Each structure stands twice: as C-alpha cells, then as structure tokens.
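Trainee: Please take a close look at the aromatic pairs in this model. Then carry on to the spaces between the residues.

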Amino acid sequence: MRAARRSPSPAPNRRRVLLAGGALGLGALLTACGDSGSSASGKNGKGGGGGGSWRFKDDRGKTAATEEHPKNIVAFISAAAALHDYGIECKGVFGPSEPVGGKPNPQAGDLNLKGLTSLGTEWGQFNIEKYAALEPDLLISNMFPAPALWYVPEESTEKIASLAPTVGISVARTSLKEPLKRYTELAASLGANLETERVRAAKARFHRAERTLRKAAEANRGLKVMAMTGTADQMYVAVPDSYCDLNYFKDLGIEFVEGKKSDEWGFWEFLGWENADRYHADLIMIDNRTSALPAKELAKKPTWNKLPAVAAGQTIPWPMEERYSYAGYAPVLERLAAAVEKSKRLKR
C-alpha cells in the first residue's frame, strides 16, 4: 500500500481503507450542511467571538477561508489538544483518543473528550456522516509529510474537503520550532489570547526546559540515543532528521543513532528482531503511541532484552505525536533532560 509508507507509522496492516458504506446518506447531509450558513452552535473559548471573515495560509500553501469566524472546528486529536492549550475548542476529533491502560491517551493532552464527537480512532475510521452532521466550519490536521492530511483517508479527501475548508500543518523534516510557531499562529487567527498567564507560563517553562536539555546534552557528550518503535515482526529505528522533535533535540546537542532510510518516505530503518542489536545505544526512546508495540510485548523479544540500554533500565517513552504546543512539549523536554542526566555511557 503506497499510503502505508507515507508517514511515521511503520505498520501498514493497521491502516484500513474507509468502508464503502460509510458514505451512505451523505448526499442529504451535504445538502443540509451547505444550507446551514452560520447556524453552527459550537463555540471556541477565546476564539468564538466576532462574525467577520477568516483566512489562514497553511503549510501546503493553500489558503483556508470562511465568510464567518470558524466555530465548529474538527481536528486530528493532537491538533485539537494543541489548540485547547490556547483556549480554542474543537467540536469533533479523529485519531487515537481512547484511554491506554486506564490512563488518558497521550495524544489527547488535556482535552476533555466527553464533550467531543469522535469520528474514529483508528486509521481509515474517519466517519464522513458524523463529520457532516457536525456542520463543520474547518478541519485541521498534521502532515507527515505534506500534502496528505494525517488520518484523513486519501480516497475520501475530496468528499471531506467539500464540507469545509481544511488546514494542514507540516510536522516532518523540519525543526520542532516550526510547528510550534505555526500552531501558535493558527490559534491566534482563531481568536486565541496569547497573553494569558497560562499561555505565557507554558512558553516560559518550555524555554527553561530547552536550556536544561542543552546543558544535559553538553554534560553528557558521547551519550548515544536511539528513537524506535516496534511491531510483532520488526523493530524500526528512526531517521532523526525526518522527525521535527528529534531534529530539534539534535540542535540542542543530543547525539542520535542515525537510522538509514528503508523506503521512499524515509522515516525509519526496518530491522528484523534478530538484528535489533545493529546499533549501540545508551538511551532508548520508545514510541508511546497505541499503534506501537507496548513495553510488555517488547519484553517478550529476547533480542530486545539483551540491548545494553534495556538491560540497564535506560529507556524513556517517546511521545512522537505529542501536541504541538509549548504546554505539550515543555514536559517532554524536561523528561528527556532528566533521562540524559542520569543515563551512563554503556559498554558496547
């Protein structure tokens, strides 16, 4: 499947095509949505005010425009979580949001999911009927890489785009600073107040964490860090420059194991579990998404347990789809800095 290699997900068998029956009755819903005008009832925290027109140029170079300020916003789960940190609320979400081990899904941030309509939690589950029923004004998602919108089924892109303008924010092959800036700009365009105590405090915490991580990297030069994910059959080593967070951590001085591109999309090096020891790492960052092999399953792999970093307990969760806000990433930098500070260089 061509789409299966497009993004950071290494597990094409987890991606399902949108069921043909999902569009049943769509015509009537499209008509109703087209006639609704400004009757949408959803409201944003700081961004629901004002009835003027709205425009935003996204990272595809496309300008999304609405005659009235968007109120009914639908977004990929981590995009909705990022906007929430700025006081902008969505009406619907799509993508992984279900609890993990009884705890909130890490991609959902501080969202209260009880008041949100989910269009689907797995790849290919985007429910177009539900989307149309929300009378959407705007859809927002990330791009891994552009121009495809993450978790928006490619075969249904035209139908989905016909309901409301879409915005894509690029989060691949750039520095983390770029999507952080772009989500701030998007939130501001939607009416967010960037001068609230909460927003200012989050940004200040992020910059403190940035300095702490830089110092930790400087004090532990030579420490090799590997970012990875796993499936039942393979271990995948990240290509750091393809991920905005790893790219940024490199700028702060973190020394990464450099996975080699195994396909045209260039996010991973694919390794059979028998070759899990190809690279030496002193600290391993483990993908924390629900699509990745969890720690208890990784522990069943003999070659995984023999890795020096695993044996030494020098591992840390990798929130590779964290929400792109200062509130979201400040704790990520703090945890990584703490892990780097306490990790030791291990014998090969």
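Mentor: The model is predicted. By the pairing rule used, the count comes to 21 aromatic pairs. Take tryptophan 123 and tyrosine 151, which form an edge-to-face pair. Their ring centres are 5.1 Å apart, with 75° between the planes. That angle counts as edge-to-face because the cut-off is over 60 degrees. The pair links distant parts of the chain, 28 residues apart. Tryptophan 123 sits in the loop between β5 (117-118) and α3 (128-133). Tyrosine 151 sits in the loop between β6 (138-143) and α4 (157-161). Tryptophan 123 has a relative accessible area of 12%, so it counts as buried. Tyrosine 151 is buried too, at 13%.

A second pair has another geometry: tyrosine 183 and tyrosine 324 are stacked. Here the distance is 6.3 Å centre to centre, and the planes are 10° apart. This pair also links distant parts of the chain, 141 residues apart. Tyrosine 183 belongs to helix α5 (residues 177-189), and tyrosine 324 to the loop between β13 and α11 (326-342). Both tyrosine 183 and tyrosine 324 are buried.

Elsewhere, a charge meets a ring: arginine 173 lies over the face of phenylalanine 267, 5.0 Å from the ring centre.

Now the spaces. The largest pocket holds about 560 Å³. It is lined by 23 residues, and the closest to its centre are Val100, Pro106, Asn288, Arg289 and Pro317. β12 (283-287) and β13 (315-318) each supply at least two lining residues. β13 gives the largest share, three residues. By class, this lining has eleven nonpolar, five polar and seven charged residues.

The structure also holds six cavities of 30 Å³ or more. The second largest cavity has about 60 Å³ of space. Its lining consists of Phe249, Met285, Ile316, Pro317, Pro319, Val332, Arg335 and Leu336. β13 and α11 are the elements that give two or more residues to this lining. α11 gives the most, three residues. The lining of this cavity has seven nonpolar residues, no polar residues and one charged residue.

Conventions:
Residues numbered from 1 in each chain as written. Predicted model: local features only at pLDDT ≥ 70, side-chain atom pairs only at ≥ 80, totals over all residues. Heavy atoms only, no water. 1 Å grid on protein atoms, 1.4 Å probe; cavity = no way out; pocket = protein on both sides within 12 Å on 5 of 7 lines; lining within 4 Å. Points joined across faces, edges and corners; volume = space filled by probe spheres on them. Helix = DSSP H or I, 4+ residues; strand = E, 2+ residues; numbered from the N terminus. Nonpolar A, V, L, I, M, F, W, Y, C, P; charged D, E, K, R; others polar. Phe/Tyr/Trp six-rings, centres within 6.5 Å; stacked < 30°, edge-to-face > 60°. Buried < 20%, exposed > 50% of the residue type's maximum accessible area, 1.4 Å probe, protein only. Lys NZ or Arg CZ within 6 Å of the ring centre and 35° of its normal.
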